[in-house]
Amino acid sequence: MKHAETVTFGGSGLDRAGEIRAQQEQIDAARMDPKARAILFWRGKPLLTMTNPAHLVRLPLDHPVIEQASPDAILLGREDGHARFAYDLSDWVPDDLDESQLGGFLDPTEQRHPALPGEMAFAELRRVMTWLTPRDAELAATGKAILGWHQTHWFCACCGVATMMEQAGWQRRCPTCRAAHFPRTDPVVIMLITHGNSVLMGRSPGWPDGMYSLLAGFVEPGETLEAAVRREVFEEAGVRVGAVRYLASQPWPFPASLMFGCAGEALDTEIVLDPIEIEDALWVTREEMMTVFAGEHPTMLPARKGAIAHFLLKNWLADRID
């Protein structure tokens, strides 16, 4: 495995069992396997055992709590030859639910179901992603992303009729016009833009105080990754970029992106902000970034652990970016 694949959600070699998704008899047989397991989600939060270390819960398919979940299970793949299905329990409403803290930048709340042991809880994936093994992280990210896609694609984009789930959750089909719809992933470039010994950092409006990260943006139709890097950096910070190269990728299920980490060489250092795009941008030297990562900088926080920005910056500091 390349070093680039060690990024969080970078992959664990999960057998995704794509060859049986359209074979209903094989899906039914996989469900009957006593070693098949369910992975539960509540409003996008995976069910974890909140021990040290935390791990993703895999429940038997006959567990009583599964009866409260949506019957439309998603086949995530196989572990050691046994199927893993994602189930959505979002219709369950906890008695002590505090809606005010849900959906925030980093939701700290945990939800515990009365039919499950007390150490099990639904937790925000952004908060716990660095606690998980690569396999747990891949399963959690895949389940969260595809369940989120189903929640926003109930109706046919061609004719507006309600669609039906097919292929073990990896397709929706319109019963009227027969159009097939597949899970979408939005390509995003995130850029390690350097000039000499410095790297370009920025922050978006509404971020927590002191939080800076690498610049990033969506790839537009008909655009290469290299062109997207140059366009986004110029649009957001007014900096022109020359040579660009790909470094690493990261699935980012918030809600459904694939982050393409790229390195770019700045042709100039003058910053001209687009205040609509970002709130601030600045050049940070390697020495200053080391104080940021050490938690000793007076105004800047390190990029969030688990995010590809943190991965790229950490490896830039260690001179092992390739």
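Which residue lies over the face of phenylalanine 85, and at what distance from the ring centre?

Author: The residue is arginine 31, which lies over the face of phenylalanine 85 at 5.1 Å from the ring centre. A charge is said to sit over a ring if NZ of Lys or CZ of Arg is within 6 Å of the ring centre and within 35 degrees of the ring normal. Another such arrangement involves arginine 203, found over the face of tyrosine 212 at 5.8 Å from the ring centre.

The model is predicted: local features need pLDDT of at least 70, side-chain atom pairs count only at pLDDT 80 or more, and totals for chains, interfaces and linings use all residues. Residues are numbered from 1 along each chain as its sequence is written, and side-chain values use heavy atoms, with hydrogens and water left out.

Tryptophan 42 and tryptophan 92 make an edge-to-face pair, with 6.2 Å from centre to centre and 70 degrees between the planes. Because tryptophan 42 belongs to strand 1 (residues 37–42) and tryptophan 92 to the loop between strand 6 (82–88) and strand 7 (110–111), this pair ties together parts 50 residues apart in sequence. Helices (H or I, at least four residues) and strands (E, at least two) are DSSP runs, numbered from the N terminus. Both tryptophan 42 and tryptophan 92 are buried, a term for under 20% relative accessible area, with exposed over 50% and partly exposed in between (1.4 Å probe, protein chains only).

Tryptophan 92 also pairs with phenylalanine 122: the ring centres are 6.2 Å apart and the planes stand at 45 degrees, so this pair is tilted. Phenylalanine 122 lies in strand 8 (residues 120–123), and the pair links distant parts of the chain, 30 residues apart. Like tryptophan 92, phenylalanine 122 is buried. Elsewhere, Phe9, Trp252 and Phe254 form one aromatic cluster.

Methionine 191 has cysteine 262, in strand 16, as its bridge partner. Strand 15 pairs with strand 16 in the antiparallel sense, over nine bridges, and phenylalanine 260 of strand 16 is the bridge partner of serine 249. Strand 15 and strand 16 form a hairpin, with four residues between them.

Methods. Phe/Tyr/Trp six-rings, centres within 6.5 Å; stacked < 30°, edge-to-face > 60°. Pairing = 2+ DSSP bridges.
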